[in-house]
Amino acid sequence: MNFNQSNMKKAKKYLDNKECIAVPTETVYGLAANAYSSVAVKKIYNLKKRPKSNPLIVHYAKLSDLKKDCFINNDFLKLYKKFCPGPITFILKLKKNSKISKLVTNNNKTLAVRFPNHKILKKLLNFLNYPLAAPSANITTSLSAVKASDVKEEFGKKINYILDGGKSRIGLESTIISLIKIPKILRLGGLEISKIKKVLKKKIYININPQKKIAPGQSSLHYSPGIPLRIKINKPKINEAYVLLKKKKIYSPHYYYLSKNNNLKEAAKNLYSCLRKIKNKGYKSIAVEKIPNVGIGKSINDRLKRASKF
Ligand code: TXA
Ligand code: MG
């Protein structure tokens, strides 16, 4: 559904009735439900086929609302002031008297929180009297959705309602940072680590591939188009879809471009939709050329590497 006042009301009605709906964010689309209601949150896990052991991110519009549920600290405040709303998720200590459903956290004492930067979602959040738990709006381990039509493709008739907010501006999930003890990156994403470093001015640990998984977004089988994907390829095989960073002079119907002109931000935005398109065309495998491992390119490579484990 496109955005207008009456759609906003409909969305609120579904959510107030403890149903889940799809919402746009600047990173990827989310499958959202009332984070204070276990009945509602349970529906997210079922619809996504997500194991209950994989906790959800809770989305807020206001800092004052977050403070009801979590303890904040100085590192958080610095990053919040600089980057929120935006593509960063914080792991914080959960307050004992918080109303967050235990299903959201899998009974843990920490909570993942985020302030999404999308006009429609911000409006919706301000309209509700509870925050929204929302994982990416895709079936577990498959490609994330960056458009309303992608969500439809993932869930078909099983989804009640999709608020259409156009194509997600960033196209990759948020960067996750744990601020429980020392700052620790748990997932690469839409916000570059170098920018976070500049603000915190201290050592930041990176723990995106731990032995013992903390965030299942860290699991290797993730973000997969459902067909084999090979990375850092110079020469594709015959009939293999070949994904390139920028348009080449040679023409082949099997070539797909992530950006017009070597632009990594544009490539990030187009990555999931490009892979989805290739999968839908019926290709049996995908080859991707080497993507520079700088800036947001690191997050692109993280997703490609995980997708290549299929
Ligand atoms: O950009 C995004 O973050 C999108 C949009 C919709 O906001 N959401 C998203 O959610 O990517 P999801 O559920 O697909 O990924 C959330 C990741 C999971 O890997 C989960 O394990 C991790 O966050 N996570 C959630 N709670 C956590 C916690 N308390 N400690 C560590 N990791 C946590
Ligand atoms: Mg996800």
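Mentor: The radius of gyration is taken over C-alpha atoms, and the globule rule is 2.2 Å times the number of residues to the power 0.38. This is a predicted model, in which local features need pLDDT of at least 70 and side-chain atom pairs count only at pLDDT 80 or more, whereas totals for chains, interfaces and linings use all residues. Residues are numbered from 1 along each chain as its sequence is written, and side-chain values use heavy atoms, with hydrogens and water left out.

Trainee: How do you know that the radius of gyration agrees with that of a compact globule?

Mentor: For 310 residues the rule expects a radius near 19 Å, and the protein has 19 Å, so the two agree. Along its principal axes, the C-alpha trace spans about 60 × 45 × 35 Å.

Trainee: What makes a residue of the protein count as buried?

Mentor: Buried means under 20% relative accessible area, exposed means over 50%, and partly exposed lies in between, with a 1.4 Å probe and protein chains only. By this cut-off, 55% of the 310 residues count as buried.

Trainee: Why is strand β12 called largely enclosed?

Mentor: Strands are DSSP runs of E with at least two residues, helices are runs of H or I with at least four, and both are numbered from the N terminus. Strand β12 covers residues 241-246, and because five of its six residues are buried, the rest of the structure largely encloses it.

Trainee: Why is Lys49 called exposed, and what is Asn106 called?

Mentor: Lys49 has a relative accessible area of 58%, which is why it is called exposed. Asn106 has 31%, and therefore it is called partly exposed. Lys49 lies in the loop between α2 (38-48) and β3 (57-59), while Asn106 lies in the loop between α5 (102-105) and β6 (110-114). Phi is near 55° in Lys49, a positive value in a residue other than glycine, and phi of Asn106 is likewise near 55°.

Conventions. Chains lettered and ligands numbered in written order.
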